[in-house]
Amino acid sequence: MSTPPPPSIVPAQSAARWLLLLVIVAGIYFFHGFIVPVLAALIVAFASWPLYQRLLRLCGGSRSLAAAIAILVILLVLVVPLTMALSFALREAQSWVAWLLEANRDGAPVPTWIAALPFAGEWLAIQWNDYLNHPHAISEIIQMASGQHLGNISRVIMTMSGKAFSLALALLFMLITLFFLYRDGHHLVAQLDRVGEGVLPARWQRFSRMVPATVTATVIGMGLIAIGEGIVLGIAYWIAGVPSPVALGVITGVMALIPGGAPLAFTLVSLYLVGSGNVFAGVALFIWGAVELFIVDKTIRPSLVGGPIKLPFLLTFFGLIGGVTTMGIVGLFVGPVLMSLLLAIWREWVHNGDPQVLVTALQDKS
(Lines give C-alpha, C1' and ligand atoms only; values in the text may rest on other atoms or scores of the structure.)
Protein backbone atom coordinates (compact mmCIF):
# COMPACT_ATOMS: atom_id res chain seq x y z
CA MET A 1 0.00 0.00 0.00
CA SER A 2 1.57 3.26 -1.17
CA THR A 3 2.00 6.09 1.27
CA PRO A 4 0.39 9.44 0.41
CA PRO A 5 2.78 12.22 -0.63
CA PRO A 6 3.70 14.71 2.09
CA PRO A 7 1.70 17.91 2.11
CA SER A 8 3.22 20.75 0.12
CA ILE A 9 4.65 23.62 2.12
CA VAL A 10 3.52 26.10 -0.55
CA PRO A 11 0.00 25.64 -1.96
CA ALA A 12 -0.09 24.81 -5.64
CA GLN A 13 -2.19 27.86 -6.46
CA SER A 14 0.24 30.18 -4.66
CA ALA A 15 3.22 28.54 -6.36
CA ALA A 16 1.60 29.01 -9.75
CA ARG A 17 1.07 32.71 -9.05
CA TRP A 18 4.69 33.19 -7.99
CA LEU A 19 5.86 31.29 -11.08
CA LEU A 20 3.70 33.47 -13.31
CA LEU A 21 5.06 36.62 -11.62
CA LEU A 22 8.62 35.35 -12.08
CA VAL A 23 8.04 34.69 -15.77
CA ILE A 24 6.54 38.20 -16.26
CA VAL A 25 9.45 39.87 -14.44
CA ALA A 26 11.98 37.86 -16.47
CA GLY A 27 10.20 38.78 -19.69
CA ILE A 28 10.25 42.48 -18.81
CA TYR A 29 13.95 42.28 -17.89
CA PHE A 30 15.06 40.49 -21.05
CA PHE A 31 12.81 42.31 -23.51
CA HIS A 32 12.59 45.85 -22.06
CA GLY A 33 14.79 47.09 -24.91
CA PHE A 34 11.93 46.36 -27.33
CA ILE A 35 9.30 48.34 -25.39
CA VAL A 36 9.90 51.61 -27.24
CA PRO A 37 9.75 50.10 -30.78
CA VAL A 38 6.64 48.10 -29.85
CA LEU A 39 4.89 51.15 -28.41
CA ALA A 40 5.80 53.17 -31.51
CA ALA A 41 4.39 50.40 -33.72
CA LEU A 42 1.18 50.28 -31.69
CA ILE A 43 0.71 54.04 -31.97
CA VAL A 44 1.26 54.00 -35.75
CA ALA A 45 -1.06 51.00 -36.12
CA PHE A 46 -3.85 52.65 -34.11
CA ALA A 47 -3.52 55.94 -36.00
CA SER A 48 -3.42 54.37 -39.47
CA TRP A 49 -5.87 51.49 -38.93
CA PRO A 50 -8.82 53.09 -40.82
CA LEU A 51 -6.56 53.71 -43.84
CA TYR A 52 -5.21 50.16 -43.59
CA GLN A 53 -8.75 48.78 -43.65
CA ARG A 54 -9.36 50.59 -46.95
CA LEU A 55 -6.09 49.23 -48.32
CA LEU A 56 -7.09 45.74 -47.18
CA ARG A 57 -10.31 45.96 -49.19
CA LEU A 58 -8.36 47.12 -52.25
CA CYS A 59 -6.05 44.10 -51.87
CA GLY A 60 -8.99 41.70 -51.91
CA GLY A 61 -8.65 40.77 -48.25
CA SER A 62 -5.02 39.61 -48.52
CA ARG A 63 -3.63 40.71 -45.16
CA SER A 64 0.01 39.92 -45.93
CA LEU A 65 -0.06 41.93 -49.18
CA ALA A 66 -1.89 44.85 -47.55
CA ALA A 67 0.54 44.87 -44.61
CA ALA A 68 3.57 44.85 -46.93
CA ILE A 69 2.18 47.73 -49.01
CA ALA A 70 1.35 49.71 -45.85
CA ILE A 71 4.92 49.31 -44.55
CA LEU A 72 6.31 50.43 -47.91
CA VAL A 73 4.07 53.51 -47.92
CA ILE A 74 5.14 54.42 -44.37
CA LEU A 75 8.80 54.09 -45.41
CA LEU A 76 8.39 56.32 -48.45
CA VAL A 77 6.09 58.93 -46.92
CA LEU A 78 7.30 59.23 -43.33
CA VAL A 79 10.49 57.37 -42.45
CA VAL A 80 12.77 58.40 -45.31
CA PRO A 81 11.86 62.15 -45.34
CA LEU A 82 12.02 62.43 -41.55
CA THR A 83 15.37 60.63 -41.43
CA MET A 84 16.83 62.98 -44.03
CA ALA A 85 15.47 66.03 -42.19
CA LEU A 86 16.94 64.90 -38.87
CA SER A 87 20.29 64.17 -40.52
CA PHE A 88 20.49 67.69 -42.01
CA ALA A 89 19.30 69.22 -38.74
CA LEU A 90 22.05 67.46 -36.77
CA ARG A 91 24.67 68.70 -39.21
CA GLU A 92 23.45 72.26 -38.83
CA ALA A 93 23.23 71.89 -35.04
CA GLN A 94 26.92 70.98 -34.92
CA SER A 95 27.79 74.47 -36.16
CA TRP A 96 25.63 75.92 -33.39
CA VAL A 97 27.50 73.86 -30.79
CA ALA A 98 30.84 75.00 -32.21
CA TRP A 99 29.71 78.62 -31.86
CA LEU A 100 28.54 77.97 -28.29
CA LEU A 101 31.89 76.45 -27.34
CA GLU A 102 33.79 79.40 -28.82
CA ALA A 103 31.48 81.95 -27.21
CA ASN A 104 31.75 80.15 -23.88
CA ARG A 105 35.54 80.18 -24.06
CA ASP A 106 36.03 83.86 -24.97
CA GLY A 107 32.69 85.48 -24.17
CA ALA A 108 29.99 86.40 -26.69
CA PRO A 109 29.58 90.00 -27.81
CA VAL A 110 26.06 91.23 -28.44
CA PRO A 111 24.89 90.22 -31.94
CA THR A 112 24.01 93.20 -34.06
CA TRP A 113 20.55 91.86 -34.85
CA ILE A 114 19.63 91.74 -31.14
CA ALA A 115 20.81 95.30 -30.51
CA ALA A 116 18.87 96.45 -33.59
CA LEU A 117 15.55 95.00 -32.48
CA PRO A 118 12.84 97.65 -32.10
CA PHE A 119 11.67 98.61 -28.59
CA ALA A 120 13.54 95.90 -26.64
CA GLY A 121 16.90 95.86 -28.46
CA GLU A 122 18.74 98.21 -26.09
CA TRP A 123 17.50 96.42 -22.97
CA LEU A 124 18.38 92.99 -24.43
CA ALA A 125 21.88 94.24 -25.30
CA ILE A 126 22.44 95.35 -21.71
CA GLN A 127 21.27 91.98 -20.36
CA TRP A 128 23.46 90.14 -22.86
CA ASN A 129 26.55 92.07 -21.80
CA ASP A 130 25.78 91.45 -18.14
CA TYR A 131 25.17 87.71 -18.36
CA LEU A 132 26.83 86.38 -21.54
CA ASN A 133 29.73 88.61 -22.53
CA HIS A 134 32.39 87.04 -20.31
CA PRO A 135 34.26 83.70 -20.38
CA HIS A 136 32.36 80.58 -19.24
CA ALA A 137 29.09 82.53 -18.95
CA ILE A 138 27.12 80.14 -21.20
CA SER A 139 28.42 77.11 -19.30
CA GLU A 140 27.29 78.65 -16.01
CA ILE A 141 23.79 79.33 -17.36
CA ILE A 142 23.43 75.82 -18.82
CA GLN A 143 24.66 74.22 -15.60
CA MET A 144 22.29 76.34 -13.53
CA ALA A 145 19.31 75.48 -15.75
CA SER A 146 19.89 71.78 -16.42
CA GLY A 147 22.68 70.61 -14.15
CA GLN A 148 24.74 69.65 -17.22
CA HIS A 149 28.03 71.06 -18.40
CA LEU A 150 28.25 72.59 -21.87
CA GLY A 151 30.89 70.04 -22.83
CA ASN A 152 28.58 67.17 -21.92
CA ILE A 153 25.71 68.63 -23.95
CA SER A 154 27.94 69.26 -26.96
CA ARG A 155 29.31 65.71 -26.84
CA VAL A 156 25.78 64.32 -26.75
CA ILE A 157 24.81 66.35 -29.82
CA MET A 158 28.01 65.47 -31.67
CA THR A 159 27.62 61.75 -31.01
CA MET A 160 23.93 61.54 -31.91
CA SER A 161 24.89 61.03 -35.56
CA GLY A 162 27.12 58.15 -34.44
CA LYS A 163 24.13 56.26 -33.06
CA ALA A 164 22.66 55.73 -36.49
CA PHE A 165 23.02 51.94 -36.25
CA SER A 166 21.07 51.64 -32.99
CA LEU A 167 18.38 53.99 -34.29
CA ALA A 168 18.14 52.02 -37.53
CA LEU A 169 17.86 48.78 -35.55
CA ALA A 170 15.05 50.20 -33.40
CA LEU A 171 13.31 51.41 -36.56
CA LEU A 172 13.65 47.93 -38.08
CA PHE A 173 12.10 46.33 -35.00
CA MET A 174 9.27 48.86 -35.12
CA LEU A 175 8.52 48.13 -38.78
CA ILE A 176 8.62 44.36 -38.24
CA THR A 177 6.23 44.70 -35.29
CA LEU A 178 4.00 47.00 -37.32
CA PHE A 179 3.83 44.47 -40.17
CA PHE A 180 2.56 41.73 -37.85
CA LEU A 181 0.16 44.15 -36.14
CA TYR A 182 -1.35 44.93 -39.53
CA ARG A 183 -1.48 41.29 -40.60
CA ASP A 184 -2.63 39.70 -37.34
CA GLY A 185 -4.17 42.66 -35.52
CA HIS A 186 -7.69 41.24 -35.72
CA HIS A 187 -6.58 38.12 -33.82
CA LEU A 188 -4.87 40.27 -31.16
CA VAL A 189 -7.99 42.42 -30.73
CA ALA A 190 -10.18 39.34 -30.27
CA GLN A 191 -7.83 37.92 -27.62
CA LEU A 192 -7.65 41.24 -25.78
CA ASP A 193 -11.44 41.50 -25.82
CA ARG A 194 -11.71 38.04 -24.30
CA VAL A 195 -9.30 38.93 -21.48
CA GLY A 196 -10.78 42.40 -20.98
CA GLU A 197 -14.33 41.11 -20.70
CA GLY A 198 -13.14 38.85 -17.92
CA VAL A 199 -11.54 41.73 -16.01
CA LEU A 200 -14.03 44.55 -16.66
CA PRO A 201 -17.23 42.99 -17.96
CA ALA A 202 -19.29 46.15 -17.56
CA ARG A 203 -16.90 48.70 -19.02
CA TRP A 204 -14.45 46.90 -21.28
CA GLN A 205 -16.25 47.66 -24.54
CA ARG A 206 -16.27 51.41 -23.85
CA PHE A 207 -12.67 51.50 -22.65
CA SER A 208 -11.30 49.32 -25.44
CA ARG A 209 -13.04 51.27 -28.22
CA MET A 210 -11.97 54.55 -26.65
CA VAL A 211 -8.26 53.71 -27.00
CA PRO A 212 -8.06 53.70 -30.84
CA ALA A 213 -10.08 56.94 -31.09
CA THR A 214 -7.89 58.62 -28.48
CA VAL A 215 -4.61 57.50 -30.05
CA THR A 216 -5.76 58.49 -33.53
CA ALA A 217 -6.90 61.92 -32.37
CA THR A 218 -3.66 62.53 -30.47
CA VAL A 219 -1.28 61.35 -33.19
CA ILE A 220 -3.08 63.13 -36.03
CA GLY A 221 -3.94 66.21 -34.05
CA MET A 222 -0.43 66.64 -32.66
CA GLY A 223 1.97 64.54 -34.72
CA LEU A 224 1.02 64.93 -38.36
CA ILE A 225 0.02 68.58 -38.04
CA ALA A 226 3.28 69.35 -36.20
CA ILE A 227 5.25 67.64 -38.96
CA GLY A 228 3.35 69.62 -41.57
CA GLU A 229 3.96 72.91 -39.79
CA GLY A 230 7.65 72.12 -39.44
CA ILE A 231 7.92 71.40 -43.17
CA VAL A 232 5.91 74.43 -44.30
CA LEU A 233 7.65 76.88 -41.98
CA GLY A 234 11.05 75.31 -42.67
CA ILE A 235 10.55 76.01 -46.38
CA ALA A 236 9.49 79.55 -45.46
CA TYR A 237 12.70 79.96 -43.42
CA TRP A 238 14.74 78.82 -46.42
CA ILE A 239 12.96 81.25 -48.76
CA ALA A 240 13.47 84.10 -46.26
CA GLY A 241 17.20 83.37 -46.11
CA VAL A 242 17.37 82.27 -42.47
CA PRO A 243 20.55 80.34 -41.55
CA SER A 244 20.08 76.63 -40.73
CA PRO A 245 16.51 76.42 -42.07
CA VAL A 246 16.29 72.63 -41.68
CA ALA A 247 17.28 72.66 -38.02
CA LEU A 248 14.91 75.56 -37.34
CA GLY A 249 12.13 73.71 -39.19
CA VAL A 250 12.68 70.61 -37.03
CA ILE A 251 12.66 72.75 -33.88
CA THR A 252 9.46 74.45 -35.04
CA GLY A 253 7.83 71.06 -35.66
CA VAL A 254 8.77 69.89 -32.16
CA MET A 255 7.53 73.14 -30.61
CA ALA A 256 4.29 72.80 -32.58
CA LEU A 257 3.48 69.80 -30.39
CA ILE A 258 3.00 72.28 -27.53
CA PRO A 259 0.07 74.71 -27.77
CA GLY A 260 1.51 78.09 -28.75
CA GLY A 261 4.90 76.62 -29.63
CA ALA A 262 4.76 77.18 -33.39
CA PRO A 263 3.78 80.89 -33.13
CA LEU A 264 6.62 81.45 -30.68
CA ALA A 265 9.08 79.77 -33.06
CA PHE A 266 8.28 81.72 -36.21
CA THR A 267 7.90 84.97 -34.22
CA LEU A 268 11.45 84.64 -32.87
CA VAL A 269 12.80 83.87 -36.34
CA SER A 270 10.91 86.88 -37.72
CA LEU A 271 12.45 89.09 -35.03
CA TYR A 272 15.88 87.77 -35.99
CA LEU A 273 15.29 88.78 -39.60
CA VAL A 274 14.05 92.24 -38.60
CA GLY A 275 17.05 92.78 -36.33
CA SER A 276 19.40 91.62 -39.09
CA GLY A 277 18.08 94.34 -41.40
CA ASN A 278 15.75 92.11 -43.47
CA VAL A 279 12.59 93.90 -42.37
CA PHE A 280 10.53 92.85 -45.38
CA ALA A 281 11.50 89.18 -45.03
CA GLY A 282 10.79 89.24 -41.28
CA VAL A 283 7.36 90.82 -41.66
CA ALA A 284 6.48 88.54 -44.59
CA LEU A 285 7.53 85.46 -42.59
CA PHE A 286 5.43 86.53 -39.61
CA ILE A 287 2.36 87.16 -41.80
CA TRP A 288 2.83 83.83 -43.60
CA GLY A 289 3.16 81.96 -40.29
CA ALA A 290 0.06 83.64 -38.85
CA VAL A 291 -2.03 82.88 -41.95
CA GLU A 292 -0.80 79.28 -42.10
CA LEU A 293 -1.55 78.76 -38.42
CA PHE A 294 -5.03 80.25 -38.80
CA ILE A 295 -5.81 77.95 -41.75
CA VAL A 296 -4.56 74.87 -39.87
CA ASP A 297 -6.46 75.63 -36.66
CA LYS A 298 -9.74 76.63 -38.34
CA THR A 299 -9.98 74.16 -41.23
CA ILE A 300 -7.42 71.33 -41.31
CA ARG A 301 -7.23 70.42 -37.63
CA PRO A 302 -11.03 70.12 -37.05
CA SER A 303 -11.45 68.00 -40.18
CA LEU A 304 -8.60 65.63 -39.29
CA VAL A 305 -9.13 65.28 -35.57
CA GLY A 306 -12.34 63.46 -34.86
CA GLY A 307 -11.48 61.97 -31.47
CA PRO A 308 -13.01 62.94 -28.16
CA ILE A 309 -9.83 64.12 -26.48
CA LYS A 310 -8.38 67.60 -26.52
CA LEU A 311 -5.48 67.84 -24.09
CA PRO A 312 -5.13 71.03 -22.03
CA PHE A 313 -1.79 72.82 -22.18
CA LEU A 314 -0.50 71.59 -18.82
CA LEU A 315 -1.28 67.92 -19.53
CA THR A 316 0.28 68.23 -22.98
CA PHE A 317 3.41 69.73 -21.47
CA PHE A 318 3.68 67.00 -18.81
CA GLY A 319 3.11 64.31 -21.43
CA LEU A 320 5.82 65.68 -23.71
CA ILE A 321 8.44 66.19 -21.00
CA GLY A 322 7.73 62.87 -19.33
CA GLY A 323 7.73 61.03 -22.65
CA VAL A 324 10.99 62.54 -23.88
CA THR A 325 12.87 61.97 -20.61
CA THR A 326 11.67 58.35 -20.50
CA MET A 327 11.69 57.21 -24.13
CA GLY A 328 13.54 59.82 -26.18
CA ILE A 329 12.10 60.96 -29.51
CA VAL A 330 9.35 58.32 -29.49
CA GLY A 331 8.23 59.75 -26.15
CA LEU A 332 7.11 62.91 -27.96
CA PHE A 333 4.09 60.85 -29.05
CA VAL A 334 3.92 58.13 -26.38
CA GLY A 335 3.74 60.64 -23.51
CA PRO A 336 0.80 62.67 -24.85
CA VAL A 337 -0.98 59.46 -25.92
CA LEU A 338 -0.75 58.01 -22.40
CA MET A 339 -1.85 61.34 -20.94
CA SER A 340 -4.80 61.39 -23.35
CA LEU A 341 -5.81 57.89 -22.29
CA LEU A 342 -5.67 58.88 -18.62
CA LEU A 343 -7.79 61.93 -19.36
CA ALA A 344 -10.25 59.85 -21.39
CA ILE A 345 -10.62 57.31 -18.56
CA TRP A 346 -11.12 60.14 -16.07
CA ARG A 347 -13.85 61.69 -18.21
CA GLU A 348 -15.46 58.28 -18.62
CA TRP A 349 -15.63 57.91 -14.86
CA VAL A 350 -16.90 61.45 -14.32
CA HIS A 351 -19.66 61.35 -16.93
CA ASN A 352 -20.74 57.71 -16.81
CA GLY A 353 -20.14 56.45 -13.33
CA ASP A 354 -18.15 56.35 -10.16
CA PRO A 355 -14.48 55.24 -10.11
CA GLN A 356 -15.45 52.92 -7.26
CA VAL A 357 -17.23 50.73 -9.82
CA LEU A 358 -13.90 49.88 -11.44
CA VAL A 359 -12.22 49.30 -8.08
CA THR A 360 -15.04 47.00 -6.99
CA ALA A 361 -14.87 45.05 -10.24
CA LEU A 362 -11.13 44.53 -9.85
CA GLN A 363 -11.53 43.45 -6.22
CA ASP A 364 -14.23 40.96 -7.16
CA LYS A 365 -12.00 39.43 -9.81
CA SER A 366 -9.10 39.13 -7.41
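Among contacts in the protein between residues at least 6 apart in sequence, what percentage join residues at least 24 apart?

**View 1. Overall fold of the predicted model.** Among contacts between residues at least 6 apart in sequence, 69% join residues at least 24 apart. The protein has 15 helices and zero strands, and of its 366 residues 31% count as buried.

**View 2. The crossing of helices H2 and H3.** Helix H2 covers residues 35-58 and helix H3 covers residues 63-106, and their axes come within 10 Å, crossing at roughly 125°. The two helices are therefore oblique to each other, and H2 passes H3 in a right-handed crossing.

**View 3. Residues that make the contact between H2 and H3.** On the H2 side the contact is made by Val-44, Tyr-52, Leu-55 and Leu-56, while H3 contributes Arg-63, Ala-66, Ala-67, Ile-69, Ala-70 and Ile-74. Sorted by class, the residues in this contact are nine nonpolar, no polar and one charged.

**View 4. Two spans annotated as transmembrane region in the UniProt record.** The unreviewed UniProt entry places this feature at several stretches, including residues 20-52 and residues 246-272. In the model, the end C-alpha atoms of residues 20-52 lie 36 Å apart, and this span is 91% helix and 0% strand. For residues 246-272, the end C-alpha atoms lie 16 Å apart, with the span being 81% helix and 0% strand.

Definitions and conventions
Residues are numbered from 1 along each chain as its sequence is written. This is a predicted model: local features need pLDDT of at least 70, side-chain atom pairs count only at pLDDT 80 or more; totals for chains, interfaces and linings use all residues. Side-chain values use heavy atoms; hydrogens and water are left out. Axes are lines fitted to C-alpha atoms, for helices over the stretch in contact, and angles run from 0 to 180 degrees between N-to-C directions. Helices (H or I, at least four residues) and strands (E, at least two) are DSSP runs, numbered from the N terminus. Angles under 35 degrees count as roughly parallel, over 145 as roughly antiparallel, 65 to 115 as roughly perpendicular and the rest as oblique. A crossing is left-handed if the near helix is turned anticlockwise from the far one by less than a right angle, and right-handed if clockwise. Contact means heavy atoms within 4.5 Å. Ala, Val, Leu, Ile, Met, Phe, Trp, Tyr, Cys and Pro count as nonpolar, Asp, Glu, Lys and Arg as charged, and the others, Gly among them, as polar. UniProt positions are given in the numbering used here, feature names are shortened, and annotations may be inferred rather than shown by experiment. Buried means under 20% relative accessible area, exposed over 50%, partly exposed in between (1.4 Å probe, protein chains only).
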